[in-house]
Amino acid sequence: VLEVITAEEAGFCFGVERALDMVLKAAKDNEGLTVYTLGPLIHNPQVVQNLEAKNVKVASSLAEIDSGIVVIRSHGVSPDILEQAKDKDLIIIDATCPFVKNAQKYARRLVEDGYQTFIYGDYDHPEVKGIYGASLQKATIIKQKSDLANIKLRAKVGFVAQTTKSPESFREIIASVITEVKELKVYNTICNTTDIRQSSARKLAEDVDVMFVIGGHNSANTTRLAEICSATNTPTHHIETATEIDKKWLHGKNKVGITAGASTPDWLIREVVQLMNEENKDVNVESTENLEESE
Ligand code: F3S
């Protein structure tokens, strides 16, 4: 019989779950009105399809929306985009993750308090664009420690980080700056959900015979989870839905581990667990038949 274990932290983080709930509520409360999300709410094709069926559409910019409801996703946006949405008389539902809002608020505060402000993050990530906007476009975005090499540091320096950055690399950057300036103010805006999800996946992978990592094939964080699991030498399969599972992968295995990326909804995880349970039934049937035969 297969033992199926799901990682302690798998699937949606708090911020994404909250955003999705807000969108679904908006669609339910405003039947007949189109609800637009500014950019895809999450990188999961199954969820996007589901939302489309509920009259929730993805707009890539405000220019595509003339009226109705616009939802700001968990990544947040630059304050000037919120202003533009207000000017267009759109109904705004701001589902920016509160942790991202904090990063925006701190970046703004650092700038206002006269710190040379840095955002540690990826230039083209929507969350970073929003934080940059919140800093009144005065912060400098650095992608890695070496980006600081060509920048003259002032006496007062401040830092925030993109919420999904690795704590180790942020620590290294801060350590490299601390003796170069008179005053350093750091807001640790890294969200630990990613770290917890990764370490619980690693722990589980070490303990099972085969690992399934569920999430969009184009999802960076799911791919990273699969890499972490396969580095434990446990056979690991990155799948988007239960239909991709080849039952051969389960042959000779007793313990199956399941984890999922940050944009994977619970129901996709449940489908995989259900399939494993069905497999269990098959095994039971086979073994009963065998017993009967031998009697
Ligand atoms: Fe998720 Fe918010 Fe953290 S969106 S990853 S809980 S910053």
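Helices (H or I, at least four residues) and strands (E, at least two) are taken as DSSP runs, numbered from the N terminus. The structure is a predicted model, in which local features need pLDDT of at least 70 and side-chain atom pairs count only at pLDDT 80 or more, whereas totals for chains, interfaces and linings use all residues. Residue numbers start from 1 along each chain as its sequence is written.

Ser-263 counts as buried because it has 27 C-beta neighbours inside 10 Å. In this classification a residue is buried if 20 or more other C-beta atoms lie within 10 Å of its own, exposed if 12 or fewer, and partly exposed in between, with C-beta atoms placed from the backbone. When residues up to four places away in sequence are not counted, Ser-263 touches Val-16, Ile-42, His-43, Asn-44, Gly-215, Gly-216 and Ser-219. Two residues are in contact if their C-beta atoms, placed from the backbone, lie within 7 Å. Ser-263 and Leu-41 are separated by 222 residues in sequence, while the C-alpha to C-alpha distance is 9.0 Å.

For the chain as a whole, nine helices and twelve strands are found. The C-alpha trace spans about 85 × 55 × 20 Å along its principal axes. Of the 295 residues in the chain, 37% are buried. Among the contacts in the chain with a separation of 6 or more, 74% are between residues 24 or more positions apart.

Strand pairing is considered next. Strands of a sheet pair through backbone hydrogen bonds, either parallel or antiparallel. Here, two strands are said to pair if DSSP finds at least two bridges between them. An open sheet of four strands shows parallel pairing in the order β3-β2-β4-β5. Its edge strands, β3 (56-59) and β5 (91-94), each pair on one side only. From one strand to the next, the twist averages 30 degrees; axes are lines fitted to C-alpha atoms, for helices over the stretch in contact, and angles run from 0 to 180 degrees between N-to-C directions. Within this order, β2 (residues 35-38) and β4 (residues 69-72) are parallel and pair over three bridges, with Ile-69 of β4 as the bridge partner of Val-35.

Another open sheet of four strands, also with parallel pairing, has the order β7-β6-β8-β9. β7 (140-142) and β9 (183-186) have a single partner strand each, so one side of each is left without a neighbour in the sheet. With direction ignored, neighbouring strands of this sheet are turned by 25 degrees against each other on average. Three bridges pair β6 (residues 116-120) with β7 in the parallel sense, and Tyr-120 has Ile-142 as its bridge partner in β7.

Strand β10 (residues 210-214) runs parallel to β11 (residues 236-239), to which it is joined by four bridges. The bridge partner of Val-213 in β11 is His-238. Together with helix α8 (residues 220-230), β10 and β11 form a right-handed β-α-β unit; a crossover is right-handed if, with the strands pointing away from the viewer, the path from the first strand over the helix to the second runs clockwise. Five of the five residues of β10 are buried. Val-210, Phe-212 and Ile-214 point one way from the strand, whereas Met-211 and Val-213 point the other way. In a regular strand the side chains alternate between the two faces of the sheet.
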